[in-house]
Amino acid sequence: MQGIHGGKLPMNTERPAFVWTIAGSDSGGGAGIQADLATIQDLGCHGCSVVTTVTAQSSVAVTLVEPVSAAMLMAQLTTLLSDLPPKAIKIGLLADQTQVALLADWIASFKIHYPSVPVIVDPVMVASCGDALAVDNCQDIKSAAKSALDFKPFKGLIELITPNVLELGRLTHSDVSTKAQFAAAALALSQSLDCSVLAKGGDVSFGCTDILADTHAQTQTHASTYAQTQANVHVIALDSNGWDLALAEDYLVCRQVRASSELHQNGRFWLACQRVNTRHNHGSGCTLSSAIAAVLAQGFVLQDAVVVAKAYVSQGLSAAIGLGQGPGPLARTGWPNDLSRYAKINLCDGNFISHHLNQHLDVRSDLVATVLSATDQATAQVRIASTPPQNILSHCFKVLDADLGVYPVVSDLTMLESLLAAGVKTVQLRIKTDISELTTTTAPAEFDLGKSALGRCESGEPELIGSELEAQIQTAIALGKHFNAQLFINDHWQLAIKYHAFGVHLGQEDLAVTDLAAIQAAGLALGISSHSYFESLLAHQYSPSYIALGHIFPTTTKQMPSAPQGLAKLKHYVALLQDHYPLVAIGGIDLDNLAKVKTTGVGNIAVVRAITKAKDPLAAFAELSQAWEQCSLSEELAVKHELGAKHE
C-alpha cells in the first residue's frame, strides 16, 4: 500500500467510517462527486455516492446538465442505507426544487433512526468555470438568482450549510458586498434554516461591489489580481468594503453544535488564512464540504471539522496544478498537519480572544493593582514600554523544556509537599473554589482577599475562598520555590502573580475573565487546556508555555464540557502541535492505559486520580514515572531500529 507521498504504509485493517456524497457528477473529474470521493478517501473514510445530476463538463465549460429521475434518486438512497449507513452526509448539486423536496423528506425520515448523523449542504449553483449548473443551463447569473433553489425544506434537518459569497447573496436575497453585510447575511441564514453556517469569503472578487456580477467577469478579475499580487504577495490592504485582500476569510455561525463546549456551541467566528494565489481552484467548494463531512464522520466536533477542512483546502490549493485549459483541481495531500495552514480564529460579539489580542497591556487596572506590589507594577511597566503592541502575547510566555514527564495535579498542600520533597519538578495545584468570588467582573471593593469562607462544591469536597485560599496558594508557591520546582497554579492568576508563582494553568472558559497581559508582564509561564482542534488553535494564538490535551478518557474529577477525546484524536493533535509546544495529555490516565497514550507520540501526561486516590501517592507517582520512562525508552529503541533497517 502506497502512502500519499509515495512511502510504504502498513495495511490499515480498521473499518473506515462511511461518508455519503449526494451530488452531481463532473465528467472532468475535478469537482462534484469525483472530487468528493477523492477527498473522503484521502482523509481516511470510505465514500459512497448518490448521483443527483449528470453534467457534461470540462475545465472550461458545462455543456449539458441532466438530473436523474426521482425513482433513481430514491433507489440509490434506499439501497445504500440498507447496507452502508453513513456517519456523515454531504449534499452538493441538486438539479431542481423537486430534488430538494424529495431529499428533505428522506432526511426527515432518516433522522428518526439516525439523529446524530450530521448532514452538510453545499448549495452549488455555479461551476468554477463560470457556467450555471441549472437544468436549463442558464447563462444569465442575475436572472438565475431570481429563481435560485429554496433550501427552506431543509430547516432543522441539517447541521451546516456552506455558501460562497455569490450563493449567500442569492439564498438571503441580500446585498453582501461589504464584510459587515456578509456576516449579517450568514447570521440571517443560520436563523432561517436553524443550522450552522460557514459563509465562504475566499472567492470574494478584489474590488468587486456587485456580488451578482457575471461569473465570467469575476474569473477574469481574479486572473488579473493573481498576476498583480505575485509581485508582492505580502502587501496587506483593506478594500473599501472591509475585506483584507491578502486573506481568505470565512465566517462561521454556530447554532447548537452537538458535543461542543458550551463556550463555543453558539459562537460566531472569523476564520482567516493566507489567500493562495492560484487559478487552479476547480472543486474547492466541493472539497471543503466533503472534507468537513469526512472529519465529522471520525467523531470530531463541527468547529474542528471546519478548521481541518479549511486547512486541507489551503494545502490542496497550494499544490494544485493545471490539467486542461481551464482551472485545475485541488491536489489531495492528506490530513493537514502544517500549523501554518490552519486559520487564525477571531471570536466575535464580546469574545475574549480579540479582547486580549487588541488591548494594550495595562497593569494599572484596579483588580490587578490589588495583587501587584508597587515594585511588580514598575517592573511590568518597563516591560510594557519595551514591547511593541503587536508583539504583546506573541511568544512571550516562558519557554519550558519539552520533557515534563509525569505531571501531577493535586489539591492538597500535604500531598504537594510530599511530592516536591520526593523530587517532582513539575506539579499543579488545583484548589476548588467559588469562582464567582474571584472573577474580574467583581468590583475591587467586593474582591476582599481578607474574607474567609469555606463551602462545598458539587462533588461535596471543600472549596476555599478568601483568606484561606490565599494562605494555601502562598504556602504552595513558597514550597515550589524551596524545592526549585515548576509549580503551576490553576485558575487563581491574581494570587499567582502576587506571590510570584512559576506559572498559571487556565481552562478555555477562564480566558474570558483573565488578564493574560498581566500574567505575561509578571513573567509567569502559562498552560492552557484544550478539548479539540478548535480549542488547541485558540490556545496556540496565545503562544502559551504548554498546551494540555484532553480529556483523553472518561474522568470523574470534574464536570467536562465535551466528550472524551480518545487516542485517535490525541494522535492527530500531537501530529499538528508537537513541533511547537510541550504537549500534556490529561484525563483518566493511569498505569493500565499509559502505554497506549505513549503510542500517540505525546511527550507528557498529567495525572490526577492515579495519584490523589492512591493509597500511597508517592509510590504511585514513582511507578507511573518509571512506566512512562520505560515507554519512552522503548519508543527510542523502536525509532533507532527503524532507522537502522532503512540504511541496510
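A residue is termed buried when its relative accessible area is under 20%, exposed when that area is over 50%, and partly exposed in between, with a 1.4 Å probe and protein chains only. The structure described here is a predicted model, in which local features need pLDDT of at least 70 and side-chain atom pairs count only at pLDDT 80 or more, whereas totals for chains, interfaces and linings use all residues. Residues are numbered from 1 along each chain as its sequence is written, and side-chain values use heavy atoms, with hydrogens and water left out.

The protein chain contains 21 helices and 20 strands, these being DSSP runs numbered from the N terminus, with helices (H or I) of at least four residues and strands (E) of at least two. Of the 648 residues in the protein chain, 53% are buried. With contact taken to mean heavy atoms within 4.5 Å, 68% of the contacts in the protein chain between residues at least 6 apart in sequence join residues at least 24 apart.

Strand pairing is considered next, two strands being paired if DSSP finds at least two bridges between them. Strand 7 (residues 196–199) runs antiparallel to strand 8 (residues 247–253) and is joined to it by three bridges, with Leu-198 standing opposite Leu-252 of strand 8. Strand 8 is in turn joined by seven bridges to strand 9, again in an antiparallel arrangement; Asp-250 stands opposite Leu-271 in strand 9, and the bridge partner of Val-253 in strand 9 is Arg-268. Strand 9 also pairs with strand 10 (residues 344–347), in the antiparallel sense and over four bridges, and here Trp-270 has Asn-346 of strand 10 as its bridge partner.

In a regular strand the side chains alternate between the two faces of the sheet.

Aromatic rings were paired when the centres of Phe, Tyr and Trp rings (the six-membered ring for Trp) lie within 6.5 Å, with planes under 30 degrees apart counted as stacked, over 60 as edge-to-face and the rest as tilted. By this rule the count comes to 18 aromatic pairs. One of them is the edge-to-face pair of Phe-269 and Phe-534, at 4.9 Å centre to centre and with 70° between the planes. This pair links distant parts of the chain, as Phe-269 belongs to strand 9 and Phe-534 to helix 17, 265 residues apart. Phe-269 is buried, its relative accessible area being 1%, and Phe-534 is likewise buried, with a relative accessible area of 1%. Tyr-342 and Tyr-533 form a stacked pair, 6.0 Å centre to centre with 10° between the planes. Because Tyr-342 lies in the loop between helix 9 (302–318) and strand 10 and Tyr-533 lies in helix 17, the pair ties together parts that are 191 residues apart in sequence. Tyr-342 counts as buried at 6% relative accessibility, and Tyr-533 counts as buried at 0%. Both tyrosines belong to one aromatic cluster, formed by Phe-300, Trp-335, Tyr-342, Tyr-533 and Tyr-573.

Eight strands close into a barrel with parallel pairing, in the order 11-12-15-16-17-18-19-20, and the twist averages 25° from one strand to the next. Helix axes are lines fitted to C-alpha atoms over the stretch in contact, and angles run from 0 to 180 degrees between N-to-C directions. Helix 17 (residues 533–540) lies across strand 17 (525–530) and strand 18 (546–550), at about 170° to strand 18, while helix 13 lies across strand 11 (406–410), strand 12 and strand 15, at about 160° to strand 11. Helix 13 (residues 413–421) also packs against helix 14 (residues 466–482) at an angle of about 5°, with their axes 10 Å apart. The contact involves Leu-413, Leu-416, Glu-417 and Leu-420 of helix 13 and Gln-472, Thr-475, Ala-476, Leu-479 and Gly-480 of helix 14.
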